[in-house]
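Colleague: Could you walk me through this one? I would like to go over the chain contact and then the folds.

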Amino acid sequence: MKSVGQKIFIIDDEKSICRNFLDFFDYYEQFDAVAYLCAEDALDSLNETECPFLCIVDNRLPGMRGEEFINRVRMICPKCRFLICTGSLDIQLTSSFQEIGLTQEDIFFKPVDMFKVLERIEDIIAGKGGTLGYPVCG
Amino acid sequence: MKNNLKKKEEALQSAESAIKDQEDRLDLTMKATQAAIWELNPQTGEVVFSDEWFSILGYTPGEVVPSFEGWAGLIHPDDLPEATRILNHYLNKGGTKYYEAQFRMRNKKGEWRWILGKGQAVEWDEKGKVTRMPGLNVDIHRQKVAEEALRDSEKKFSEIFMLSPDSIVLFDLKTEKIIEVNESFLTIFGYTRKEVLGKTGREISLYVSPSDQEMLFKQINKGEKTKNIEIAFYRSDGEVTVQLISGREVMISGELVLLIIGKDVTELKKIEEMMIQTEKIVSLGGIAHEINNPLGIVLQAAQNLQLRSRSDFPKNLEAAEEIGLDIELMAKYMHSRKMDVFIEDIKSAAVRAADIIKRMLLFSRKSQSQRTLCRLPVIVENALSLAKNDFDLKKTYDFKKISVNVHVEKDVPKVNCTETEIEQVMLNILRNAAQAMAEMPVQKHEPTIDIRISTHDDTVCIEIEDNGPGIPDHVKKKVMEPFFTTKGPGIGTGLGLSVSYFIITKIHGGQFTVSSQPGTGTTFTIYLPYE
């Protein structure tokens, strides 16, 4: 598994949060982070670039919601992993993401500690982060 | 002489003719009024009945024996004694004024008809006994039946009035005085009947807002629909009771009165208030949610600050070199000026704030009653952690000053519960304990809270014991009541313990008790059933 320049997508409608994430991942040469302010922009860019290895998605986005974005990306990039950042504790959120195969460790409540995110990413790379089932086409 | 005789004859004829006219007129009158005439000789018992007398009962003339016994034989056995008594009383008194009685008589068809009998003595013998008494019977059956129906319905109304669970009051329209109240009114408002009859609402200080009475009476008077209007009243002990009032003018016993019915909704209002308060807490969750983004920025920027001041990061070294900065020196400066400490403070404060917000969100969201198997020790720890971050604006208590000891028995089973709700209960008890201890005029040297979790039959028992001022008996009784508070105005809602009581007993089917020794401390005990 490549450990240099792994592509990470960050999708959050708060500019400062995007910037902070980018600055954070800037230190870690093994990652190559790109940020988008909405799901649609991220999807557009997917058409032109290769699949990211991981997406950090804010659940509350203008336009398309995080959940739908994830489902769409899984069609195009079945191996992509996801981490959710959420400000709310909506139960429905949790259960619908469980269907995708995400677990509690993939969900981060805002305000997000970026080092914890990093830990989770490292676990996933090391194979300790479980696997997502392949998406059901439909 | 012949002339005189002729004159006398003519006078006689004229008189006879006049008498005949009178008799005819009487006959016609009798027939016109359909009066059933009778004439009784009380001494012999003989009676003469007119034709009408027979026909109003459907008999043919002569069908009934013309005697007192003949009449008595047709009277309803329940009515005969009284009717006879009235007659005898009349006769014994010498037949003064007139005789009147109501009784049922059997008609030809065998039906009972209500009859009014009226008579008057017109002849007496030398001893003063009545020898002739004419009278008449009138069929009053229809009126009598209507009277009884009215009496029945009035009796029914009276029963409903008295037994209704709602308060009912009858007011005099003109004087606005209370004519009658039912039992529920007396119970709910705490009065005796004597205390309220004849008084106006104002005289017994009934209305919390006197203008309410004016508004209410005016509305009813105008004939406007007056239904379920919320009005607050004072009970006899000064406590407030909220009622939904409906009222209208009604006719009772021939008089127009004001009927007011009150449905007690005091408890309902309290629950409403509770819900509104809960709503407020829930919207607090909305605010908390909004705070998360800027807080996220604080945390993340602090984390980045730390990263970028590290002297061992390649990119940092590169950037420093480019401008000719000795990054080691910079790190030294930052350390000597404590900038690293400040950044760490910002970071850990942001992390702490994040944690508080998370817990706040956790238990302020609408409890969609997500029941899970909970580990009570964990819930208690969460509540403690929240309590430690809890200090009111006036800094009258600081939870961190209290030493808390938690003892958990071995193998305490998990309990099926809504975690956030139990956490809310714990936090409420802890807060109350802390506040009580802080408010003591002489502070305890070592304010302590002991928490013990153990198994007890088929429940898990949580005891929270403080060594605070304790609760006096008269307060202890009311401590779980909604809105009861011993704190000053504006401090607390007085809802905490009552909501906690509700959560433990009604939602989780457990028990919630308080025991206290004034001067020594207070213990709250919760029992929660486990599967």
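Colleague: How much area do chain A and chain B bury between them, and what percentage of it is on carbon and sulfur atoms?

Modeller: Bearing in mind that this is a predicted model, chain A and chain B bury about 2400 Å² between them, with 57% of it on carbon and sulfur atoms. Chain A gives 23 residues to the contact and chain B gives 24 residues.

Colleague: And how many salt bridges are found across that interface?

Modeller: The rule finds three salt bridges across the interface of chain A and chain B. B:Lys315 forms a salt bridge with A:Asp26, where the closest N and O atoms are 2.4 Å apart.

Colleague: Switching to the sheet in chain A, what is the strand order?

Modeller: The order is β2-β1-β3-β4-β5 in an open sheet of five strands, with parallel pairing. Because β2 (31-36) and β5 (107-109) of chain A each have a single partner strand, they stand at the edges and one side of each is left without a neighbour in the sheet. The twist averages 20° from one strand to the next.

Colleague: How many bridges join β4 and β5 of chain A?

Modeller: Strand β4 (residues 81-86) of chain A pairs with β5(A) in the parallel sense over three bridges, and A:Cys85 has A:Phe108 in β5(A) as its bridge partner.

Colleague: Which strands does helix α5 of chain A lie across?

Modeller: Helix α5 (residues 114-125) of chain A lies across β1, β2, β3, β4 and β5 of chain A, and runs at about 160° to β4(A). Helix α2 (residues 39-48) of chain A lies across β1 and β2 of chain A, at about 150° to β1(A).

Notes: Residues are numbered from 1 along each chain as its sequence is written. Chains are lettered from A and ligands numbered from 1 in the order in which they are written. This is a predicted model: local features need pLDDT of at least 70, side-chain atom pairs count only at pLDDT 80 or more; totals for chains, interfaces and linings use all residues. Side-chain values use heavy atoms; hydrogens and water are left out. Two strands pair if DSSP finds at least two bridges between them. Helices (H or I, at least four residues) and strands (E, at least two) are DSSP runs, numbered from the N terminus. Axes are lines fitted to C-alpha atoms, for helices over the stretch in contact, and angles run from 0 to 180 degrees between N-to-C directions. Contact means heavy atoms within 4.5 Å. Buried area is the accessible area (1.4 Å probe) that two parts lose on being put together, summed over both. A salt bridge is a side-chain nitrogen of Lys or Arg within 4 Å of a carboxyl oxygen of Asp or Glu.
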